[in-house]
2 protein chains.
Amino acid sequence: MTFRRQSKGRNGHMRHFCFLSGPRRVAWPGMPQEPIEVVYRVRAAKADIDARVEALLLEQTVELPRSALRTAFVRENLVGRVVAIEQVGEAEHLVTLAQPRVAAADDPAQLLNVLFGNCSLQPEIGLEDVRLPAALAGVLGGPRFGIAGLRRLLGIHGRAITASVLKPIGLSVKETASLCATLALSGLDIVKDDHGLADHSFSPFVERVAACLAATRAAEQRTGRRTLYVPNLIGPPATVVRQARQAKELGAGAVMVSPMLVGLPLLNQLAGEIGMPVIAHPAFGGSPRISPVALLGRLFPLFGADAVIYPNFGGRFSYSRGSCAEIAGALRSPGAGIAPAFPVPAGGMTIEGMPAVLDFYGPDVVLLIGGSLLDSPDEAALLSRSSQFVAAVHSHRFTR
Amino acid sequence: MTFRRQSKGRNGHMRHFCFLSGPRRVAWPGMPQEPIEVVYRVRAAKADIDARVEALLLEQTVELPRSALRTAFVRENLVGRVVAIEQVGEAEHLVTLAQPRVAAADDPAQLLNVLFGNCSLQPEIGLEDVRLPAALAGVLGGPRFGIAGLRRLLGIHGRAITASVLKPIGLSVKETASLCATLALSGLDIVKDDHGLADHSFSPFVERVAACLAATRAAEQRTGRRTLYVPNLIGPPATVVRQARQAKELGAGAVMVSPMLVGLPLLNQLAGEIGMPVIAHPAFGGSPRISPVALLGRLFPLFGADAVIYPNFGGRFSYSRGSCAEIAGALRSPGAGIAPAFPVPAGGMTIEGMPAVLDFYGPDVVLLIGGSLLDSPDEAALLSRSSQFVAAVHSHRFTR
């Protein structure tokens, strides 16, 4: 039996949720497994919505009209069901479909295909939200470390995590390591590569990772505090897998990838193989037709991201406070079988704004500041500003 | 010296092109390599456009304000140039940037990052077109077979290629092979897996590929005509690479992938390793902020697709005649160093519509019809309709 609740999200849009009263939410004869639930935003007039939803339902699995389905097995096992159609605007509907898990073949790429393969090419359809059955989520595996594992690795409990970034691209290995040293000496918990740092001629991957790890170790000797250096993995899959192995051999404790650049299914493969936390960057992930909460808040962690970077509200990107709250909420409350992952708001944040940001997110957050630290006139100023950032986070007392 | 021409595309939008008078289009002191040219559609008022373009220019490589660039090397080698800003609407501009090739590290994933990484998260920016220097295109490799190689493989010259698809998903291996046999007996040149066929429990990959290859060989014995069966590769990269090897060992002559599902850089890796033609499917590739010609017409072939499937105009997808002509044009006239690739219009085409479609595209096209053949009441009707499709293409006399 399925119950529906409507609530008004922080961004003012109507949202809807499906609640469960038992292990099987939407079941039908011949469907042995709990289905995948997908919520779409569909632009269609009320008179046309039923036909449009029928076409969408078929498009995402069998891709043929019912008359062409050929066998009883196909008709009974590969065709999903419409769970709910809710009108939310004059010609706009939120549509919940239940699609058979068997169609997704327990495969991350084929799951994306069922969710938003062909219909991504239809401008009247947007992907709004995703609910996987716990068994399928378990196959994908979700964050292998998550909030708890990253906190154990860092040895930090009860407060927010501080992070900054090594940029711009174009610095030599020596210059990058020097920047890394300064940031580590300021007491930052995490210093990561810019997501645009590849195996560049001016900064070869292995040399850079070795030098930055040495820089953080040297800083730890002086301060007694550990800074986790996180290298960026980027390239075709064979390159990313090789870089992951090299990073591990050199002693890195975590890595970063941009799943939409390298391919979202590679995140899932990497998370299952690498044995250390994976931080996900949203580059190439912007689409007005996939809601940020669906991509960054649900799919990235389902596929194995332990921490997900996203543009914070108020910066040079466009996400609203409501979207950021939704993404953080989805990451921290992922549902059965999946570990909570860290939200990592970033982009345009300042030291002065920290108290408000901390009160907004609470302590289970990684705060990533780049530009407003790095736009310092010299190394002494950079060290001072980074130390202020660290102090602001350490000294914060939450009001809620 | 750079010249600019404006022309009105078939879809009515203004487009602009940059023409070259020599091997280096946009050069500046300290920039040893020909740059990458990127065209963006930018929503901004005229009064704000210069500042918005400066921010975009920096965002895509150094991601910092100029004051934070730290070294002369970064300032001289990692910051691109504005080539052109053309107002095309009240608050809309086409902006051409020249970005340094060194930023892309000759890597397909990092190239995507420079083109549309962070700015994909900014709704006022769209990726409109891409021009790579020939040397970088050569590193990526482009189509390894292309139109000429696929024609040699098929032994077909001077006419359009016919293709259909094995669907719906949910058929058993035996049922799929039976369908494949019927389609091959009708004389189709290519029969491909549905892009939603994965390593499903009801249709394991190796069994399916072996059975379909056997079906096409048996049909060839009867008809004397070869049908190329093209299996779909899908999964995380390790799975796709394994499936490619298995397909080759079983005797397949070409493969299909959906680059946006499996990861666009994997297409580039696969094309370089596999030694057979790769057909690309557009699933998960829809974005109103990446123009179809940029993604399907330029990036897919640059990364190695020998043939690119896209939604034809007039079907259940939304591409206009103008967009389809642009995609086909980009695939067939890719510029220096890159082989021409086959356009593969698909979706909603009928046998009755073939003459008009053929006159629109000319002979260098693969025509892919699925639903309107497969919605046949029985195998005899399917064989008859497929044979009509084949006859319509073979007998067509082009009017242009």
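Biologist: At roughly what angle do the axes of helix 6 and helix 15 of chain A cross?
Modeller: Keep in mind that this is a predicted model. In it, the axes of helix 6 (residues 173–185) and helix 15 (residues 379–394) of chain A cross at roughly 40 degrees and come within 8 Å.

Biologist: Left-handed or right-handed crossing, for helix 6 and helix 15 of chain A?
Modeller: Helix 6 of chain A crosses helix 15 of chain A in the right-handed sense.

Biologist: Which residues make that contact?
Modeller: From helix 6 of chain A you have A:Thr182, A:Leu183 and A:Leu185, and helix 15 of chain A brings A:Glu379, A:Leu382, A:Leu383 and A:Ser386. Sorted by class, the contact has 4 nonpolar, 2 polar and 1 charged residues.

Biologist: OK, switching to domains. How is chain A divided?
Modeller: Domain 1 of chain A covers 2–140, and domain 2 covers 146–394. Their centres, taken over C-alpha atoms, are 33 Å apart.

Biologist: And how many residues of each domain are in contact with the other?
Modeller: There are 18 residues of domain 1 of chain A in contact with 21 residues of domain 2 of chain A.

Biologist: On the domain 1 side, which elements each supply at least two residues?
Modeller: Helix 3 (108–116), strand 6 (125–131) and helix 4 (134–140) of chain A. Strand 6 of chain A gives the largest share, 5 residues.

Definitions and conventions: Residues numbered from 1 in each chain as written. Chains lettered and ligands numbered in written order. Predicted model: local features only at pLDDT ≥ 70, side-chain atom pairs only at ≥ 80, totals over all residues. Axes fitted to C-alpha atoms, helices over the stretch in contact; angles between N-to-C directions. Helix = DSSP H or I, 4+ residues; strand = E, 2+ residues; numbered from the N terminus. Left-handed = near helix turned anticlockwise from the far one by under 90°. Contact = placed C-beta atoms within 7 Å. Nonpolar A, V, L, I, M, F, W, Y, C, P; charged D, E, K, R; others polar. Domains from an automatic or database assignment.
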